[in-house]
Amino acid sequence: MDAPVHGHGGYRVERLTRDRRALAAGQEVARRRHLMYGLVEADLTMPRAALREHFERTGEHLSFTAYVVTCAARALAEFPRLNALRHGRTVVFLDEVIIEVLVERNVGGQSAVSYLPIRHADTKSLRDIHDEIRAAQQGPPDVIPGQRWLGAIPMVAVPWLMRWMGQSIPWALRLGVAGVNNVGMGTGAAGWAVSPGAGTLAVTIGGISLEPRFEDGRVVEKEIGRITLTVDHDVIDGAPAARFTSRLLELLAAGESVRAAVTR
């Protein structure tokens, strides 16, 4: 349903959609959590070149977000202590690696975010994840799990519900505890995006730019991506979070899942 727009002299007023108000409520809940932030730079030269070569050869744009999901999922499988959530006085570890992708779409004339859980993400190929993301972007909003409840409850209850969701085992089994959000694609801005994230781990893709780097005693041009990692300090300490980060950066630079996808 479109949000009503009211015109006035010199400006206009547009009512926020329920999706936007729910997103704001979720951010307020996340703001109160005990979070650690890591602002890192990832060498994306190899995977980005492979994706461009694939497009030039086939005309197909493979999702870069899907590539980051494959890397995050494999790193999470290697460091299962991050695949967990706080539940009262306990920590609950999930058996399945689920990566939640934030899919931006237009709802009622406004930008809104839908939640797409990629189940068994550590066992899926880039192609598999690419297809899931594209289907979610092109389908109607109600095909994405986790959105339908927004229309069934009063907005005043959303903050309480989201606090419950943050420690809910059934909800974690549905959407996972890790997410990937791509806010930097197409902007050309070489900066980091800092967002609290809803789960234990959030990987936020910021700007990507060409940068000079030293390699084998000479200066070379590299594609450097700014990645923000947000980790729930109630669940994981700094040292294991740093080891996870190091492994994620290795996987992002290697481009294994891209090579597998483009050589089919």
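So, burial: of the 264 residues in the protein chain, 47% are buried, and by buried I mean under 20% relative accessible area, with exposed over 50% and partly exposed in between, using a 1.4 Å probe and protein chains only. Keep in mind that this is a predicted model, where local features need pLDDT of at least 70, side-chain atom pairs count only at pLDDT 80 or more, and totals for chains, interfaces and linings use all residues. Residues are numbered from 1 along each chain as its sequence is written, and side-chain values use heavy atoms, with hydrogens and water left out.

The fold comes out as eight helices and 10 strands. Those are DSSP runs numbered from the N terminus, with helices being H or I of at least four residues and strands being E of at least two. Next, contacts, meaning heavy atoms within 4.5 Å. If you take the contacts in the chain with a separation of 6 or more, 69% of them are between residues 24 or more positions apart. As for surface, the chain exposes about 13,700 Å², and carbon and sulfur atoms supply 54% of that; the areas are Shrake-Rupley values with a 1.4 Å probe, and for residues only the protein chains shown count as cover.

Okay, the inside. Which residues touch the most other members of the largest nonpolar core? They're Ile99, Val203 and Leu248, in a core of 47 residues. A nonpolar core here is a set of buried Ala, Val, Leu, Ile, Met, Phe, Trp, Tyr and Cys residues joined through side-chain atoms within 4.5 Å. Helix 3 gives this core its largest share, 10 residues. Take Leu248: leaving aside neighbours within four places in sequence, Leu248 is in contact with Cys71, Ala72, Ala75, Val203 and Leu229.

Because 12 of its 15 residues are buried, helix 3 is largely enclosed by the rest of the structure. The buried ones include Phe64, Tyr67, Val68, Cys71, Ala72, Ala75 and Leu76. The length checks out too: the end C-alpha atoms of helix 3 are 22 Å apart, which agrees with the 21 Å its 15 residues should span at 1.5 Å a residue, the expected span being 1.5 Å times one less than the number of residues.

Now look at Ala77, also in helix 3. Buried or partly exposed? Ala77 is partly exposed, with a relative accessible area of 37%. Not counting residues up to four places away in sequence, Ala77 touches Val97 and Asp122. The C-alpha atoms of Ala77 and Asp95 are separated by 9.4 Å, and the two are 18 residues apart along the chain.

Side chains of opposite charge can pair when their charged atoms come close. Our rule for a salt bridge is a side-chain nitrogen of Lys or Arg within 4 Å of a carboxyl oxygen of Asp or Glu, and by this rule the count comes to 13. What does Arg127 pair with? With Glu60, the closest N and O atoms being 2.4 Å apart. Arg127 is buried at 16%, whereas Glu60 is partly exposed at 24%.

Another pair is Arg213 with Glu41, closest N and O atoms 2.8 Å apart. This one links strand 9 to strand 3, with the two residues 172 apart. Arg213 is partly exposed at 27%, and Glu41 is partly exposed as well, at 36%. Then there's Lys222 with Glu215, at 2.7 Å between the closest N and O atoms. Lys222 counts as buried at 13%, and Glu215 as partly exposed at 30%. Salt bridges that share partners also join Glu41, Glu211, Arg213 and Arg226 into one network.

Tyr37, Leu39, Trp192 and Val194 make a nonpolar surface patch of about 400 Å². Patches are built from residues with over 30% relative accessible area and no salt bridge, joining like charges within 9 Å and nonpolar side chains (Val, Leu, Ile, Met, Phe, Trp, Tyr) within 5 Å. Val194 sits in the loop between strand 8 and strand 9, and at 55% relative accessibility Val194 counts as exposed.
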